[in-house]
Amino acid sequence: MVGKTGFYPHVLERPPPALPSRRVLALPRIASGKVREIYEIDQQNLLFVATDRISAYDVVLGQTIPDKGRVLTGLSLHFFDLLDTPNHLVTNDLSGVPGLSEQDRRELAGRAMVVRRAEVVPVECVVRGYLYGSSWREYREGGGPTTEHLPSGLRQAEKLPEPTFTPATKAATGHDENITEAETREILGDVLFNELKSRSLAIYGQAADYADDRGVILADTKFEFGHVEGELLLIDEVLTPDSSRYWPADEWAPGSTIPSFDKQYVREWLESQPWDKDPPAPELPEEIVSGTRARYIEAYERITGASYNDYLDAE
Ligand code: PZK
């Protein structure tokens, strides 16, 4: 897609400061993921930070993608605003966050959000509109938790008759594990299950229609929810390329693999290397880093319809 619609020289002209891979702020860190971190501000509020780290084949690479964390945060903010669903966002204005140095504020600008601290629901709310990834593997191998409600005869990447709610849990290995509807109801109870399913399907439907209008397919996505004072809020990052599978509509055809918007460049280069997918991954050449950065920025601009430079300038 970048190859067809071009690079963004006006964006690439201004290389941003690269985010050091794992900065420790003077705030307690309460959670650390492969590419994101959560710090405690106070009893009610957390600081959610998207770093520039990137993972591929479940391995965090040694190089960062400058601006990736800002692109993902910009997309989350865009969708929190667009979706009419209660969420954990308090503000992206960090001026009221105590204990940050001037350097912290510069580095965090555009990549951090103040969010309400919630009681996290222990199930990943995955919605799929297309048959791909782990669901396609289950289907091809005779069926599994995500294929319970599917007809036979579907092909890889085929559009499902209707979007499906296919929850997963964080297994001890750190990998997500798909679970059946019965297992999910066991964990959540029927009332919460039904609420999460209808909220997740409604949000997916709204976002998929929105993406469709921009020539982008939202193949699947993963939501997380949490409770604050009895209210069920959408939390975490939302509808980013890290939590979702976005495809350029003109590159979709059922019956084959589809190149993903953002990481395809990295994956194809890694595939061309003699590497067994055990860490560490081979070092990315500069042109793969800059090409991947351009694709994240293109994803931001295509999905939001706004200029990434304008996002940076507003921060
Ligand atoms: C929370 N995670 C997952 C995300 C990580 C881990 N609003 C919230 N309140 C309480 N807890 C969480 C959230 C949110 N969002 C989310 N873990 C805790 C996660 C990012 C990085 F290391």
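A residue is called buried when its relative accessible area is under 20%, exposed when that area is over 50%, and partly exposed in between, using a 1.4 Å probe and the protein chains only. By this rule Trp136, at 14% relative accessibility, counts as buried. The structure is a predicted model, in which local features need pLDDT of at least 70, side-chain atom pairs count only at pLDDT 80 or more, and totals for chains, interfaces and linings use all residues. Residues are numbered from 1 along each chain as its sequence is written, and side-chain values use heavy atoms, with hydrogens and water left out.

**Aromatic pairs**

- Rings of Phe, Tyr and Trp (for Trp, the six-membered ring) pair if their centres lie within 6.5 Å; planes under 30 degrees apart count as stacked, over 60 as edge-to-face, and the rest as tilted.
- Across the whole structure, a search finds ten aromatic pairs.
- One of them joins Tyr130 and Trp252 in an edge-to-face arrangement, with 5.8 Å from centre to centre and 80° between the planes.
- Tyr130 belongs to strand S9 (residues 125–130), while Trp252 belongs to the loop between strand S15 (244–248) and helix H8 (264–271), so this pair ties together parts that are 122 residues apart in sequence.
- Helices (H or I, at least four residues) and strands (E, at least two) are DSSP runs, numbered from the N terminus.
- Tyr130 is buried, with a relative accessible area of 10%, whereas Trp252 is partly exposed, at 30%.
- Trp136 and Tyr139 have ring centres 6.2 Å apart and planes at 25°, so this pair is stacked.
- Trp136 and Tyr139 are three residues apart in helix H5 (residues 133–140), and are thus separated by about one helical turn.
- Tyr139 is buried, with a relative accessible area of 17%.
- Tyr130, Tyr132, Trp247 and Trp252 form one aromatic cluster.

**Charges over rings**

- A charge sits over a ring if NZ of Lys or CZ of Arg is within 6 Å of the ring centre and within 35 degrees of the ring normal.
- Arg214 lies over the face of Tyr210, at 3.6 Å from the ring centre.
- Lys277 lies over the face of Tyr57, at 4.3 Å from the ring centre.

**Helix H7**

- Helix H7 (residues 190–212) has 23 residues and reaches 32 Å from its first C-alpha to its last, close to the expected 33 Å.
- The expected span of a helix is 1.5 Å times one less than its number of residues.
- The buried residues of H7 include Leu192, Phe193, Leu196, Ile203 and Tyr210.

**The ligand and its surroundings**

- The ligand is surrounded by 15 residues, of which the closest are Ser32, Gly33, His88, Arg116 and Ala118; a residue is near a molecule if one of its heavy atoms lies within 4 Å of it.
- A polar contact is a pair of N or O atoms within 3.5 Å; within protein, one must be able to donate a hydrogen and the other to accept it, and residues adjacent in sequence count only if both atoms are side-chain atoms.
- A nitrogen atom of the ligand is 2.8 Å from a polar backbone atom of Arg116, and a nitrogen atom of the ligand is 2.8 Å from a polar backbone atom of Ala118.
- For Asp236, a polar backbone atom is 3.1 Å from a nitrogen atom of the ligand.
- The protein covers 87% of the 470 Å² of accessible area that the ligand has on its own; accessible areas come from the Shrake-Rupley method with a 1.4 Å probe, and for residues only the protein chains shown count as cover.
- Two or more residues of the shell around the ligand come from each of strand S1 (29–32), strand S2 (36–40), strand S3 (45–50) and strand S7 (112–116).

**Backbone features**

- The peptide bond from Pro279 to Pro280 is cis, with omega near 0°, and Pro280 is found in the loop between H8 and helix H9 (286–304).
- Lys277 also lies in the loop between H8 and H9; its phi is near 75°, a positive value in a residue other than glycine.
- At 32% relative accessibility, Lys277 counts as partly exposed.
- Glu229 has a phi near 45°, a positive value in a residue other than glycine, and is placed in the loop between strand S13 (216–228) and strand S14 (231–235).
- Glu229 is exposed, with a relative accessible area of 74%.

**Sequence and space**

- Leu232, in strand S14, is buried at 3% relative accessibility.
- Leu232 and Thr85 are 147 residues apart in sequence and 9.6 Å apart in space, C-alpha to C-alpha.
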